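Please open the model in your viewer and keep the sequence panel beside it. The stops below go from the whole chain down to single residues.

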Amino acid sequence: TLAGNGQEAYEARINGDFDLIFMDIQMPVMSGVESTHSILAYEQENGKEHIPIIALTANALPGDKEKYMSEGMDDYATKPLDVKIIEKLIEQYCNK
């Protein structure tokens, strides 16, 4: 499922269950961080199982991973995306 902005990503989560969410940090309407906060609140308020959220960003400065994980994201991958890293994340979060 693709979302064109953070609001659409949040609405997709409300209307469906997924194994994993890859969340772009910089999106229109609602940022990836704002969308993540909304998703986490929705899951908690409605007793829904948490779906892991992976931050996708071109920001690769020291401390960025920790910053996004402190915002509630479960992991982090930088752009340009490396297929091997994406495969590893899918295996890590979807084969439990």
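What follows is a tour in selections, each with a note on what is there.

Before selecting anything, note that this is a predicted model, in which local features need pLDDT of at least 70 and side-chain atom pairs count only at pLDDT 80 or more, while totals for chains, interfaces and linings use all residues. Residues are numbered from 1 along each chain as its sequence is written, and side-chain values use heavy atoms, with hydrogens and water left out.

**The whole chain**

Along the principal axes, the C-alpha atoms fill a box of roughly 35 × 30 × 25 Å.

Next, select 21-24, 53-57 and 75-78. The three strands form an open sheet in the order 1-2-3 with parallel pairing, and two strands count as paired if DSSP finds at least two bridges between them. Strand 1 and strand 3 are the edge strands, each pairing on one side only, and the twist averages 30° from one strand to the next. Between strand 2 and strand 3 there are four bridges; Leu56 has Ala77 as its bridge partner in strand 3, and Thr57 stands opposite Thr78.

**Thr57**

Leaving aside neighbours within four places in sequence, its contacts are Ile25, Tyr68, Tyr76, Ala77, Thr78 and Lys79, contact meaning heavy atoms within 4.5 Å.

**The helices around the sheet**

Select residues 32-45 to show helix 2, whose 14 residues reach 20 Å from the first C-alpha to the last, close to the 20 Å expected at 1.5 Å a residue; the expected span is 1.5 Å times one less than the number of residues. Its buried residues are Gly32, Val33, Ser35, Thr36, Ile39, Tyr42 and Glu43, and what covers them includes helix 1 (6-15), strand 1, strand 2 and helix 3 (64-70). Helix 2 is followed by Gly47, whose phi is positive, near 60°.

Select residues 83-94 next: this is helix 4, which lies across strand 1, strand 2 and strand 3 and runs at about 165° to strand 3. Axes here are lines fitted to C-alpha atoms, for helices over the stretch in contact, and angles run from 0 to 180 degrees between N-to-C directions.

**Two loop residues**

Which backbone details are worth a stop in the loops? In the loop between strand 1 and helix 2, select Val29, which has a positive phi of about 70° although it is not a glycine; at 68% relative accessibility, Val29 counts as exposed. Finally, select Pro80 in the loop between strand 3 and helix 4, where the peptide bond from Lys79 to Pro80 is cis, with omega near -5°.

Terms used: Buried < 20%, exposed > 50% of the residue type's maximum accessible area, 1.4 Å probe, protein only.
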